[in-house]
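I opened the model to look up aromatic pairs, salt bridges and nonpolar surface. My notes are in the order of the searches.

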Amino acid sequence: MYGRRPYRLLLRSEKLIIRTDYGSILPKNNIKKSKKITLCAIFSALSVVIMYIGALFEVLDISMACIASMLVVITVMEIGGIYPWLLYGVTSTLSMLILPQKFAALIYLFVAGYYPMLKTIFERCEKRLIT
């Protein structure tokens, strides 16, 4: 527009791999290590902020801990490996240190935080037992 050519969106099938099981756009092996760590750090900070909002409004403490665990679910699906456990550890530690009301942090620490990772482990074991 106004003398510029419109950019075309080029989608090459060898560059863009769409996974149907999780809805991920990039395969797990294609993400660099620094991007994985950065994504975990951003998710950890966002989880602490979400749980801080839950600690300020005491009505929302359980629901905000569950919403913060949804970021762990995204990390399990997109990155995998040890990174969801690191996200869980950092978020648990920071929330126990920073939050004024510790109930949301305790819910995250003992119930909601590690559940997505254990669920994937149990699903893998179930598939191995069935086949």
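The entries below cover ring pairs, then charge pairs, then the surface patch.

**Ground rules.** I am working on a predicted model, in which local features need pLDDT of at least 70, side-chain atom pairs count only at pLDDT 80 or more, and totals for chains, interfaces and linings use all residues. Residues are numbered from 1 along each chain as its sequence is written, and side-chain values use heavy atoms, with hydrogens and water left out.

**Aromatic pairs.** How many aromatic pairs does the structure hold? I found two. Rings of Phe, Tyr and Trp (its six-membered ring) pair if their centres lie within 6.5 Å; planes under 30 degrees apart are stacked, over 60 edge-to-face, and the rest tilted.

Tyr88 and Tyr108 make a tilted pair, with 5.9 Å between centres and 40° between planes. Tyr88 sits in helix H3 and Tyr108 in helix H4 (residues 103–112), so this pair ties together parts 20 residues apart in sequence. I took helices as DSSP runs (H or I, at least four residues), numbered from the N terminus.

Next I checked cover. Buried means under 20% relative accessible area, exposed over 50%, and partly exposed in between (1.4 Å probe, protein chains only). Tyr108 is buried at 0%. Tyr88 is buried too, at 14%.

Tyr88 also pairs with Tyr114, edge-to-face, at 6.1 Å centre to centre and 75° between the planes. Tyr114 lies in the loop between H4 and helix H5 (115–130), so the pair with Tyr88 in H3 links parts 26 residues apart in sequence. Tyr114 is partly exposed at 27%. I logged Tyr88, Tyr108 and Tyr114 as one aromatic cluster.

**Salt bridge.** I searched the whole structure and got one salt bridge (a side-chain nitrogen of Lys or Arg within 4 Å of a carboxyl oxygen of Asp or Glu). Which side chains meet in it? They are Glu123 and Lys119, at 2.4 Å, N to O. Both lie in helix H5, four residues apart, about one turn of the helix. Glu123 is partly exposed at 36%. Lys119 is partly exposed, also with 36%.

**Nonpolar patch.** I found a nonpolar surface patch of about 1,000 Å², with Tyr52, Phe57, Leu60 and Leu94 among its residues. Patch residues have over 30% relative accessible area and no salt bridge; nonpolar side chains (Val, Leu, Ile, Met, Phe, Trp, Tyr) are joined within 5 Å, like charges within 9 Å. Helix H1 (33–56) and helix H3 (83–98) are the elements giving two or more residues to the patch. Val49 is one of the patch residues. Val49 sits in helix H1 and is partly exposed, at 46%.

Note on methods:
Areas by Shrake-Rupley, 256 points an atom, 1.4 Å probe, with all protein chains shown as cover.
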